[in-house]
Amino acid sequence: MATKCNNCPLRRRDLFTQMTAEEVTVMQRFKVGELIVDPGTPILMEGSNSPQLFTALHGMGIRYKYLENGKRQVVNLIFPGDFIGLQAGIMGEMGHSVEATTKMTLCVFDRSTIWNFFKDNPKRAFAITWLSAVEEHLLGDALATVGQRDALQSVAWALSKVYLRGDALGMVHNGQMPFPYKQQDLADALGLSLVHTNKTLAALKGRQLAHWSDGMLSVSNIDALAEIAMLDDMKVAERPII
């Protein structure tokens, strides 16, 4: 059975802003069901005109796009609570693809109703706009990382951001959190070669700062890791749930 918005497990996380009873009712009307997908399942494809929008309820995924030469650019990673498909909802088609990395449960929304949703629920519409602005800010940080941070700083930045986000979601236990990705995914996100990424991860492990193996990320000293990353703001902003 689909999870009722009133019983949404994400609402118990400190990372997410509290919703009023009226907002919960609005989201329950907007939600049309749930979809469970296996690891490796495409959720949205670049250029597609999907009739559905999603929120990641459980599990993790990846956003990416392919260039004409066949090379892949990882745009972002998907965590529980992320809203998926807004680009197609506003622009008519996806500019990147979305794929499940783990088994995922997705809340499903009907894209055709989004305009009425915006018109009738301005506070919820602002929440979607806020999420879009945060995504743009993160992409700006990622671009600065690719252009201005060296390999050690770049990998430290990525692992710091992941760890801080995971901690805010309650995914960190004893300094460890699930990180079910491949080194190639990290390399593609940071514009590094796989060999360079591997050597950089080994360097961070050698400094006893971070270790990533078998789908688990361990961070021994987040402050020192963030210092290498030149990450000044370690606060994870409270965010709305859609």
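**Exercise 1. Sort the lining of the second largest pocket into nonpolar, polar and charged residues.**

Solution. Nine lining residues are nonpolar, four are polar and one is charged. (Ala, Val, Leu, Ile, Met, Phe, Trp, Tyr, Cys and Pro count as nonpolar, Asp, Glu, Lys and Arg as charged, and the others, Gly among them, as polar.) The model is predicted: local features need pLDDT of at least 70, side-chain atom pairs 80 or more, while totals for chains, interfaces and linings use all residues. Residues are numbered from 1 along each chain as its sequence is written, and side-chain values use heavy atoms, without hydrogens or water.

Next, take the volume. The second largest pocket holds about 220 Å³ of space. Then find its middle. Of the 14 lining residues, Arg 13, His 58, Gly 59, Pro 80 and Met 171 are the closest to the centre. (A pocket is an open set of points on a 1 Å grid where a 1.4 Å probe fits, with protein on both sides within 12 Å along at least five of seven lines; lining residues have an atom within 4 Å of a point.)

**Exercise 2. Give the strand order of the sheet that contains β1, and name its edges.**

Solution. Start with the order. This open sheet of four strands reads β1-β8-β3-β6, with antiparallel pairing. (Strands are DSSP runs of at least two residues, helices of at least four; a pair needs at least two bridges.)

Now the edges. β1 (31-37) and β6 (83-84) each have a single partner strand, so one side of each lacks a neighbour in the sheet.

Look at one pair. Strand β3 (residues 52-58) and β6 run antiparallel and are joined by two bridges. Thr 55 faces Phe 83 of β6.

Helix α1 (residues 21-30) lies across β1, β3 and β8 (104-110). Its angle to β1 is about 65 degrees.

**Exercise 3. Trace the sheet that contains β2, strand by strand.**

Solution. Its order is β2-β7-β4-β5, again four strands in an open, antiparallel sheet. β2 (42-44) and β5 are the edge strands, each pairing on one side only. On average, neighbouring strands here are turned by 30 degrees against each other, direction ignored.

Take β4 and β7 next. Four bridges join β4 to strand β7 (residues 97-100). In β7, Ser 97 is the bridge partner of Tyr 64.

Now turn to β5. Strand β4 (residues 61-66) pairs with β5 over six bridges, antiparallel. Tyr 64 has Val 74 as its partner in β5, and Gly 61 has Ile 78. Five residues separate β4 and β5 in their hairpin. In that turn, Gly 70 has a positive phi of about 90 degrees.

**Exercise 4. Why is strand β5 called largely enclosed, and what lies across it?**

Solution. Count first. Five of the seven residues of strand β5 (residues 72-78) are buried (under 20% relative accessible area), so the rest of the structure largely encloses this strand.

Then place the helix. α6 lies across β4 and β5, at about 105 degrees to β5.

Zoom in on one residue. Asp 188 sits in helix α6 (residues 183-190). With 13% relative accessibility, Asp 188 counts as buried. Neighbours within four places in sequence aside, Asp 188 is in contact (heavy atoms within 4.5 Å) with Arg 72, Gln 73 and Val 74.

Key:
Axes are lines fitted to C-alpha atoms, for helices over the stretch in contact, and angles run from 0 to 180 degrees between N-to-C directions. Grid points are joined across faces, edges and corners, and a volume is the space filled by probe spheres set on the points. Buried means under 20% relative accessible area, exposed over 50%, partly exposed in between (1.4 Å probe, protein chains only).
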